[in-house]
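Reader: Hi! I'd like to talk through the strands in this one. Could you walk me through them?

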Amino acid sequence: AVMDSIESNNDRVAVYECLKHLIVSGNSLLKMSDDGLRVYPLNNYVVKRDPQGKILKIIIKEGISPNTLPKELKKSIGDKLNEEHKSLNLFTCVTREKNRFYVHQEISKQKVFEKYYDLDKLPFIALRFNRIDGMNYGRGHCETFEGDLRSLEGLTRAILEGSSASSKMLFMIAPNGSTRASSIAKAPNGAIIEGNAQDVSVLQANKFADFRVGYEMMGRIEQRLQFAFLLNASVQRQAERV
């Protein structure tokens, strides 16, 4: 029933975005309206809760185009609007009173909307991935595995840079040999030139064993992260017919 409701109301995109914010940052704010769901990331709002986790106050900051404002509101703002204002800041404040919520909106310190909601009818839902008692915000899933994520990123970068350096091909000619460097450089593929094969060598990094250690550690970290993020590869048996 929940999935059918999400599909019929076209809320899949908003729900998917909200879940990604919850997994990474641990916090996300949803607004339910007749037009569908609206998602606010953590950098667009602040929230204050009581020790039991109930919402006491929410302040949301978002941009709004002056062209979409009603004529009466444009006149009230007056000279504060000009061509340089590509967007205005719209602040929405949700305050809990004794038995209800008071919601009002402001643009340029002028109140443009206010309404009261019952405790169970508030259209804003402040979500948390991991709840921690006594804290206003939650903790994300990625924060628990931050060490493995940073270690995997560092190992990947080291192996990538080392592989790029090892893939560089340089031919070295013995300075006292009979083979000329110009002959090697100008000779096309399959050409016959005069020289001694002992005078020519290829520069090698000889870091395969060191890369192998880092690669094996990457595999272990990836396996732990696959379990942590519920990937099917973590529980799939490695066999010929699987």
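**Strands and their partners**

Author: Happy to! In this predicted model, five strands make up an open sheet in the order 3-4-5-6-7, and their pairing is antiparallel.

Reader: Which strands stand at the edges?

Author: Those are strand 3 (45-49) and strand 7 (110-118). Each has a single partner strand, so one side of each is left without a neighbour in the sheet.

Reader: And what does the twist average from one strand to the next?

Author: The average is 10°.

Reader: Nice. How many bridges are there between strand 4 and strand 5?

Author: Eight bridges, with strand 4 (residues 55-64) and strand 5 (residues 88-96) paired in the antiparallel sense. Within that pair, Ile59 sits opposite Cys93 of strand 5.

Reader: Remind me, what holds paired strands together in general?

Author: Strands of a sheet pair through backbone hydrogen bonds, in either a parallel or an antiparallel way.

Reader: Switching topic: what about strand 1 and strand 2, how many residues lie between them?

Author: Two residues, and the two strands form a hairpin. Strand 1 and strand 2 (residues 36-40) run antiparallel and are joined by five bridges. Lys31, for instance, has Arg38 in strand 2 as its bridge partner.

Reader: Thanks! Last one: where does strand 8 come in, and which residue there stands opposite Ser28?

Author: Strand 8 (residues 124-128) pairs with strand 1 (residues 27-33), antiparallel and over five bridges. Opposite Ser28 you'll find Leu127 of strand 8.

Note on methods: Residues numbered from 1 in each chain as written. Predicted model: local features only at pLDDT ≥ 70, side-chain atom pairs only at ≥ 80, totals over all residues. Heavy atoms only, no water. Pairing = 2+ DSSP bridges. Helix = DSSP H or I, 4+ residues; strand = E, 2+ residues; numbered from the N terminus. Axes fitted to C-alpha atoms, helices over the stretch in contact; angles between N-to-C directions.
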